[in-house]
Amino acid sequence: MAFRKTRTRIEKEAKVQGWANVPDKTFHKAGITRAAATRLELGTGFKLVWPWDATYDKDRQEFDPAFQEYPLVVGFAETPADVAELLDFSRELSAPVPVVCRSGGHNTAGYSVVTDGIVIDMSLFNHVQIDPARRLATVGPGVTFAKLNAALNTNGLHVPGGECESVCVAGYMQGGGYGFTSREFGMNCDNVVRFTMMTYDSTGAHIAVASATENPRLFWAVRGGTGNNFGVLLDVTYQLYPLTTLWGFGIKWANLAAAPAALLMIQNRFSKVGASAKLGHLPVIMVQEKDTQASLGTYGLFNGTPLRDWPRSRACSQRRVLRSSSIRPTATRSSTRSSCQIRTCRPASRPFHLR
Ligand SMILES: Cc1cc2nc3c(=O)[nH]c(=O)nc-3n(C[C@H](O)[C@H](O)[C@H](O)COP(=O)(O)OP(=O)(O)OC[C@H]3O[C@@H](n4cnc5c(N)ncnc54)[C@H](O)[C@@H]3O)c2cc1C
């Protein structure tokens, strides 16, 4: 029987043949020999991007273009075995190189890309498996909140998630993860019941399951201990909550001079003990689309219908505060959704008026 090569193998062999046009000095400049790069390229079944590849500048890029780093190679791992191969490779080189993981690439300090090191891109670990009966979801580290929320919404279930829909679970959960519903349900990491992580030591790669009862120290450390510290996160299991009727709102202060008073008001009236835990919000100073100047905005959700679920006297007094002359918002908008629909809260492009 004839042995047939896989399509990936054929593509990889063609790719390496194309390297005949790449001078040796290009490999040396990148800190690797042609032989070592060829060994990794042909020895793996997943996509690798090298400095001399056409898509290198796109594939090394973080969400924020302020961060410009030049890795030796970016590996788009598809399985835990791929992750282990990249970790092994970092140790096999004559001088070991640093390794960083990247899931959504949204790290606000640019920590998920590194010059002269290996980037393990985990964005293909983006599965979502929901068990509605047990209210559990097991997800990949590279799943975006757009994808996770879409899957949870169809089941009327929820876990506190990020404001930006292209942020991924890995960095968000390991950094704690504050969402619009965190005042009611806790930080995202508070809702992790189990995760799987690849650790690495002198004997090689190991897969550890962590929960309150298995590897409890790792379980404690990873939930809020920030990414890339303890190993490569492979999956996360969350406990979920039913979520049905939401009231979403956006309030904007175009006059930044009003921002300190508005922030104090938001903190005193809507954040401290006494405000309903069902109200979640996130104030940000930003420049919105079509605006030329920065403004203060606060966006949020109320889990329920305010007129029914929020004590009337409190709603009235808080509305009076919003109308007080010194900190009057320039625009507000609100909407009610009768089914659970957590998505990115985009700033209002047109003003909405307080009803
Ligand atoms: C536009 C925007 C909006 C945001 N909104 C919110 C918000 O509402 N609430 C909030 O709490 N935060 C928010 N953040 C912050 C965000 O949660 C963090 O930047 C988070 O780290 C992004 O996760 P990521 O996986 O997308 O990032 P990445 O840059 O891929 O990773 C972040 C860190 O985790 C490491 N890492 C990535 N994948 C893995 C893995 N599989 N295993 C181990 N380590 C890994 C990386 O090396 C890096 O150190 C926001 C950020 C942006 C840019």
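Q: Two residues are in contact if their C-beta atoms, placed from the backbone, lie within 7 Å. With that in hand, which strands do the buried residues of helix H10 pack against?
A: Keep in mind that this is a predicted model. In it, those residues pack against strand S12 (246-253), strand S13 (279-286) and strand S14 (295-303).

Q: Which residues of H10 are called buried, and what makes them so?
A: They're Ala262, Ile266 and Phe270. The label takes 20 or more other C-beta atoms within 10 Å of a residue's own, so each of these three passes that cut-off.

Q: How do you know that the span of H10 fits a helix?
A: H10 has twelve residues (259-270), which should span 16 Å at 1.5 Å a residue. Its end C-alpha atoms are 15 Å apart, so the two agree.

Q: What makes Ile118 stand out in the largest nonpolar core?
A: Ile118 is among the residues that touch the most other members of this 67-residue core, along with Leu86, Ile120, Val169, Met197, Val232 and Val236. Leaving aside neighbours within four places in sequence, the contacts of Ile118 include Leu86, Phe89, Val97 and Val99.

Q: How many residues surround the ligand, and which are closest?
A: There are 30, and the closest are Gly104, Asn107, Glu163, Gly171 and Gly227. The shell divides into 14 nonpolar, 14 polar and two charged residues. Helix H7 supplies the largest share, four residues.

Methods:
Residues are numbered from 1 along each chain as its sequence is written. This is a predicted model: local features need pLDDT of at least 70, side-chain atom pairs count only at pLDDT 80 or more; totals for chains, interfaces and linings use all residues. A nonpolar core is a set of buried Ala, Val, Leu, Ile, Met, Phe, Trp, Tyr and Cys residues joined through C-beta atoms within 7 Å. A residue is buried if 20 or more other C-beta atoms lie within 10 Å of its own, exposed if 12 or fewer, and partly exposed in between; C-beta atoms are placed from the backbone. Helices (H or I, at least four residues) and strands (E, at least two) are DSSP runs, numbered from the N terminus. The expected span of a helix is 1.5 Å times one less than its number of residues. A residue is near a molecule or strand if its C-beta atom, placed from the backbone, lies within 6 Å of it. Ala, Val, Leu, Ile, Met, Phe, Trp, Tyr, Cys and Pro count as nonpolar, Asp, Glu, Lys and Arg as charged, and the others, Gly among them, as polar.
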